[in-house]
Amino acid sequence: MPTADAFLHHPDRLTREVARAYAQGAFLMDNGDGPQFYGVQDRALVPLTEAAGLHVARRLRRELPRFGARLDTAFAAVVEGCRGRLPGAPERDGEWISDELAEIYLHLNGTGLAHSFEVWRGGELAGGVLGLALGGAFIAESKFHRVTNASKAALVLLAGHLHARGFTLLDAQIQNSHIATLGVYEIAEAAYRPLLAGALRADVSLV
């Protein structure tokens with residue numbers, strides 16, 4: 001898998017533009033005016049290990065072995081799940097992944113920048129996380145579930161996978177009560193930027 005530098009100088013203009021924006025702390029959303037880059041003052045970070053603060057509740061811990069993790073085997077389905085359009089996935093209150101943005105994610109998956117981390121159960125896609133991998137940073141754009149606790153399981157298993165592969169940053173972007181139960185915490189932009197810069201220098205791979 002290409003390093004961050006390869007994406008920052010990628011021959012594909014869109015891939016290069018998105019990589020450079022994310023390397024500066026921006027992220028994509030479509031709030032009705034077309035896909036645009038946004039930023040927030042505080043970033044939500046997922047601890048990669050329990051020693052670092054990742055909290056795995058007893059019930060979730062019991063359920064984790066029932067999920068099988070896969071990478072990029074159902075990218076389009078994960079995008080649709082994150083849009084609330086996959087059968088069995090809860091509808092979303094406001095859809096920020098527009099048709100145009102969904103096409104951008106599909107394009108970025110084709111160039112190796114965007115990825116789906118999926119959890120499967122009984123041969124069925126149970127949930128997953130959509131995100132971008134840049135150096136040693138994984139920026140999680142969205143997640144979804146079709147089975148209870150599947151999105152939490154996906155985030156916990158993703159954290160473990162990233163740690164094992166040498167990643168240093170799992171960025172969930174915006175805090176909410178759902179992910180806060182996993183020990184996700186907020187960090188000010190001034191503290192986030194050096195963490196991101198350090199992660200971008202890492203020569204690691206998701207696989």
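N149 counts as buried at 18% relative accessibility, where buried means under 20% relative accessible area, exposed over 50% and partly exposed in between, with a 1.4 Å probe and protein chains only. This is a predicted model, in which local features need pLDDT of at least 70, side-chain atom pairs count only at pLDDT 80 or more, and totals for chains, interfaces and linings use all residues. Residues are numbered from 1 along each chain as its sequence is written, and side-chain values use heavy atoms, with hydrogens and water left out.

**Backbone angles**

- Most residues other than glycine have a negative phi.
- N149 has a positive phi near 70 degrees and lies in the loop between β7 and α6, these being DSSP runs numbered from the N terminus (helices H or I, at least four residues; strands E, at least two).
- D72, which is not a glycine either, has a positive phi of about 60 degrees; D72 sits in the loop between β4 (68–71) and α4 (75–82) and counts as partly exposed at 30% relative accessibility.

**Pockets**

- A pocket is an open set of points on a 1 Å grid over the protein atoms alone, where a 1.4 Å probe fits, with protein on both sides within 12 Å along at least five of seven lines, and lining residues have an atom within 4 Å of a point.
- The largest pocket is lined by 28 residues, of which R92, W96, E141, S142 and N176 lie nearest its centre.
- β7 gives the largest share of that lining, 6 residues.
- The lining of the second largest pocket includes L45, P47, T168 and Y185, and β8 and α8 (189–200) each supply at least two of its residues.
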